[in-house]
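Me: I'd like to learn how to read strands and sheets in a model like this one. Could you walk me through it?

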Amino acid sequence: MPTPRIVIVGGGAGGLALATRLGHTLGKRKRAEIVLLDRDTTHVWKPLLHELATGVLNSSMDEVDLRGHSSAHFYRYQRGSLTGINREQQTLQLAPIHDEDGQEVLPARELAYDYLVMALGSVSNDFGTPGVTEHCHFIDSPEQAKAFQRDMINTFLRYTDPNLRQHAQLTIGIVGGGATGVELAAELFDASRMLNAYGVTAEDHQTISVHLIEAAPRLLPGLSERISQTVKTELESLGVTVHTDTAIKEAQAHQLITGGDEVIKTDINVWAAGIKAPPFLAGLGLTTNKKNQIEVNRTLQSVDDEKVFALGDCASCPMGEDSTVPPRAQAAHQQAKLLAKNLVNQLEGKPLADFRYRDHGSLVSLARFDAVGNLMRSSASKGLFLEGWLARQAYASLYRMHQLSIHGAPKTGLAWLVDKLNRYLKPRMKLH
Ligand SMILES: Cc1cc2nc3c(=O)[nH]c(=O)nc-3n(C[C@H](O)[C@H](O)[C@H](O)COP(=O)(O)OP(=O)(O)OC[C@H]3O[C@@H](n4cnc5c(N)ncnc54)[C@H](O)[C@@H]3O)c2cc1C
C-alpha cells in the first residue's frame, strides 16, 4: 500500500506544532509522508508581531527556518501559496513563485494529498471601511510588521529636520482596542524611549503620541472589566489617548474620520480591529462562515469532506451551545495536539476524538512597563487576576511553551539562555 500523504497548509502557531508532532509519530517511522506547505520560508510566532513592528524584537533571532526545522523533525517543507483545491482529484493548486525582480522561479503547480489540514491563520478585518487598505498598516505578517517599522523610523527621522521641529511629535492612530492594538500602543512608547536613547529622535521633545480607538464601550471587550480598566489606566499613564465608543468610518492619508465626523490627525495609521480568514477560502467549495472560516465539526473535519481538516484562526469549530472556539494561539495549539492524535487514529481506522477548548486565561503585555491578565483553573472559574512581575513571567512563558512544542526541551532551554546573553551583548532594538 502506498504511504499516505498528509499535507498541512500553513506553518504558523498551530500548523508548525502539528507538523512537528506528526513528523515524530508518523513521518519518522514512514507511516505517512508529512508535508508542510507555507508561502514563507521562515516562521515567526504571530503574537510577537507587535514587537517586530516596533523593532523591539529582532526577527532573525526568533524566526525558525522551515527547511532546517523540517529536516530535524521528519517532515518535508514545501514553499508555496495555496490558491485552490480540487477535492475530487485530491490536489492543491499552488501559485507561481517569483523572485524580488518579478521573474518566475517556479510556475503554478499542483500538490496531491490524501489528508489535508488547513492552518492558514487570519488577516485583519477592515469590515469594508473606505480607505483602510490604502492608508492603514496591518500587522498580520512579518513583512507587514517590518513595513510598519520602516515607516515609523523614517517618519521619526523626518522630524529631526529642524524645519519640522515644531511638529516634532509622531502621532500614530491605532484602530482596534483588542490585544493587538493595546500591546502595540504600549510597545510604541518603549520603542520611542529606545529610539531617543539611540539618538534617532530629538532629545528635547516628547516624541510620540498614540490614539487607541475602540468601537466598543471599553478596551479589550472580550476580557474581564477589571483587566480592561487596569489596562486603560496603565496606557493613559504612559500617554496614550484612549477613545472608546468610537467607530472609524473612513481612513484617509494622515487622518482617521470617526462616526461622529471627528477628525483624528495622524502620521501613521494601523488597523487592528478584528480578524477574518483569508477571503479566498470562501471560494474553495467548502462551507465557510461570514468571516471566511471553514466550518468544521468537533473532530476538526470540514462539514463537507472528512479528508479535509482545519484548525486555528481559519476554522470555525463549535464550542458549547451557540459559540465557536476563539481565534487564539492557545486554541490553535490545543487543536494541533488533538489533530496529531486524530490523524493517527484516522490512519488506523479508529474513531476520532472531539475537540474541547480549555481556556487557560488571557495575558496582555504592556511592553516593559507591565502585564495584566488572568489565569483560569477551570472554564467555570473566574480566574486568578495577575499583574506586574508575575503576569510578565506568565506572558513570557506562553512563547516558551510554543518553542517547547516545536523545538523540544533542550533547544528551548538553550534559546532561553541565548536570549538572556543577548540582552548584554546586543542593543535592545533593531533599527534597520
Ligand atoms: C500582535 C498579535 C498578538 C497576539 N497575541 C496573542 C496572545 O497573547 N495570546 C493568544 O492566544 N493569541 C494571540 N494572538 C492571536 C494568535 O497569534 C493567533 O490566534 C494564532 O497565531 C493563530 O494560529 P494559526 O496557526 O491559526 O495561524 P498563524 O499562526 O497566523 O499561521 C498561519 C500560517 O499560514 C501561512 N499562510 C497563510 N496563507 C497561506 C497560503 N495561501 N498558502 C500557504 N501558506 C499560507 C502563513 O504564512 C502562516 O505561517 C495575537 C495575534 C497578533 C497579530
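Reply: Happy to! Let's begin with burial: a residue counts as buried when its relative accessible area is under 20%. Keep in mind that this is a predicted model.

Me: How many residues of strand β13 are buried?

Reply: Six of the six residues in β13 (residues 170-175) are buried, so this strand is largely enclosed by the rest of the structure. Leu170, Ile172 and Ile174 point one way, while Thr171, Gly173 and Val175 point the other way, and all are buried.

Me: Which strands does β13 pair with?

Reply: The general idea is that strands of a sheet pair through backbone hydrogen bonds, either parallel or antiparallel. Here β13 runs parallel to β14 (residues 208-213), joined by six bridges, and Ile172 stands opposite Val210 of β14. Four bridges join β13 to β19 (residues 268-271), also in parallel, with Gly173 opposite Asn269 of β19.

Me: In what order do the five strands of the open sheet come?

Reply: The order is β5-β2-β1-β11-β22, with parallel pairing. β5 (76-79) and β22 (308-310) are at the edges with a single partner strand each, so one side of each has no neighbour in the sheet. From one strand to the next, the twist averages 20°. As a detail, β2 (residues 33-38) and β5 pair over four bridges, and Leu37 has Gln78 in β5 as its bridge partner.

Me: And which helices go with this sheet?

Reply: Helix α1 (residues 13-27) lies across β1, β2 and β11, running at about 165° to β2. Helix α9 (residues 329-347) packs on the sheet too, touching β1, β11 and β22, and its direction makes about 165° with that of β11.

Conventions
Residues are numbered from 1 along each chain as its sequence is written. This is a predicted model: local features need pLDDT of at least 70, side-chain atom pairs count only at pLDDT 80 or more; totals for chains, interfaces and linings use all residues. Side-chain values use heavy atoms; hydrogens and water are left out. Two strands pair if DSSP finds at least two bridges between them. Helices (H or I, at least four residues) and strands (E, at least two) are DSSP runs, numbered from the N terminus. Axes are lines fitted to C-alpha atoms, for helices over the stretch in contact, and angles run from 0 to 180 degrees between N-to-C directions. Contact means heavy atoms within 4.5 Å. Buried means under 20% relative accessible area, exposed over 50%, partly exposed in between (1.4 Å probe, protein chains only).
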